[in-house]
Amino acid sequence: MSRPTVAVLRPDDNRIVEAVEYLQSLGVSPISDPMLTVDPTGQSPQHADYCVFTSETGVDLTATAGWEQRDTTVCAVGDQTATALRNHEYSVDVVPSTFTSAGLVNELSAGVDGQTVELARSAHGSDVLVEGLKAAGATVHDTHLYRLQRPGTAGQSVSLAVDGELDGILFTSPKTVEHFFGIAIERDAVATLQRGLKETVVSAIGAPTERAVHNNGAAVDVMPDTVDFTRLAEVTVNQIQRIQR
């Protein structure tokens with residue numbers, strides 16, 4: 001039996017390299033099709049009572065810029081973001097038990113009244129953090145550390161999905177979903193893509209990514225209970241293997 005084909009759409013940096021290697025270790029044939037490239041803005045976080053990080057990319061850019069924590073309470077959305085902060089020798093004070101913006105608002109809402117909160121993230125973050133923290137009485141500043149663009153080379157996974165040749169596809173953020181379906185729109189192939197994805201195990205990290213898939217007329221078959229890529233890959237491959245037995 002040939003190895004299952006699984007498309008991975010992670011950013012075109014070490015993350016896609018590591019993802020491909022991990023998928024190979026699980027016994028599948030990875031289709032490397034980065035849907036994101038990171039475009040730094042050159043900005044860095046302002047000093048505030050609280051600073052919120054939502055991604056490893058934001059942490060790496062902040063560390064490169066030489067940001068100093070001082071007496072700031074540092075918050076991380078997700079274990080991977082927290083690990084990245086610690087790897088750069090920042091202390092992590094708050095990690096919400098629910099790895100979402102809403103989860104962080106719930107975690108902080110009782111203590112931020114009259115405090116300043118800096119959001120250090122991409123230019124594509126939702127308004128949930130801003131609105132929730134302002135409603136809790138905080139003064140919120142949103143620093144856009146980077147933008148996520150679509151690489152000009154992206155699209156192999158779309159072609160394979162349209163042709164029904166993908167066994168699985170891993171969506172890791174709403175932006176990857178947007179770029180993936182955007183290619184299909186440009187090719188006038190959305191309906192064909194939606195049909196092809198019915199024969200594909202579609203997996204997503206987190207509720208926002210799941211919603212983005214649904215909003216584009218497709219169903220999510222697998223969504224792990226963590227925002228960890230390795231877990232996403234494992235449960236997706238397990239589901240493919242169950243189907244193919």
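Me: What should I keep in mind about the origin of the values?

Reply: This is a predicted model, in which local features need pLDDT of at least 70 and side-chain atom pairs count only at pLDDT 80 or more, whereas totals for chains, interfaces and linings use all residues. Residues are numbered from 1 along each chain as its sequence is written, and side-chain values use heavy atoms, with hydrogens and water left out.

Me: How many residues does helix H1 have, and what span is expected for it?

Reply: Helices are DSSP runs of H or I with at least four residues, strands are runs of E with at least two, and both are numbered from the N terminus. The expected span of a helix is 1.5 Å times one less than its number of residues. Helix H1 (residues 14–25) has 12 residues and reaches 17 Å from its first C-alpha to its last, close to the expected 16 Å. For H7, with 13 residues, the reach is 18 Å, close to the 18 Å expected.

Me: Which residues of H1 are buried, and where do they lie around the axis?

Reply: An α-helix has 3.6 residues a turn, so residues three or four places apart point the same way. Burial is judged by relative accessible area (buried under 20%, exposed over 50%, partly exposed in between, with a 1.4 Å probe and protein chains only). In H1, the buried residues are Arg15, Ile16, Ala19, Val20 and Leu23. Seen down the axis of H1, they fall within an arc of 135 degrees, so they line one face of the helix; the arc is that of the directions from the helix axis to the C-beta atoms. The face turned away from this buried side carries the exposed residues Asn14, Glu18, Glu21 and Ser25.

Me: What covers the buried residues of H1?

Reply: Contact means heavy atoms within 4.5 Å. The cover of H1 includes strands S1 (5–8), S2 (29–32), S3 (37–40) and S8, together with helices H2 (56–64) and H10 (229–244). Val20, found in H1, is one example: it is buried, with a relative accessible area of 18%, and, not counting residues up to four places away in sequence, it touches Val8, Pro30 and Ser32.

Me: What does helix H9 bury, and what covers it?

Reply: In H9 (residues 206–215), Gly206, Thr209, Ala212 and Val213 are buried. Seen down the axis of H9, these residues fall within an arc of 100 degrees, so they line one face of the helix. Their cover includes strand S8 (168–171), helix H7 (174–186) and strand S9 (201–204).

Me: How do H4 and H5 pack: roughly parallel or roughly antiparallel?

Reply: Axes are lines fitted to C-alpha atoms, for helices over the stretch in contact, and angles run from 0 to 180 degrees between N-to-C directions. Angles under 35 degrees count as roughly parallel, over 145 as roughly antiparallel, 65 to 115 as roughly perpendicular and the rest as oblique. The axes of H4 (residues 101–108) and H5 (residues 128–135) come within 9 Å and cross at roughly 15 degrees, and the two helices are therefore roughly parallel to each other. Ser101, Ala102, Leu104, Val105 and Leu108 in H4 meet Val128, Leu129, Gly132 and Leu133 in H5.

Me: At what angle do H7 and H8 pack?

Reply: H7 and H8 (residues 190–197) pack at an angle of about 130 degrees, with their axes 8 Å apart, which makes H7 oblique to H8. The contact is made by Phe180, Phe181, Ala184 and Ile185 of H7 and by Val190, Leu193 and Leu197 of H8.
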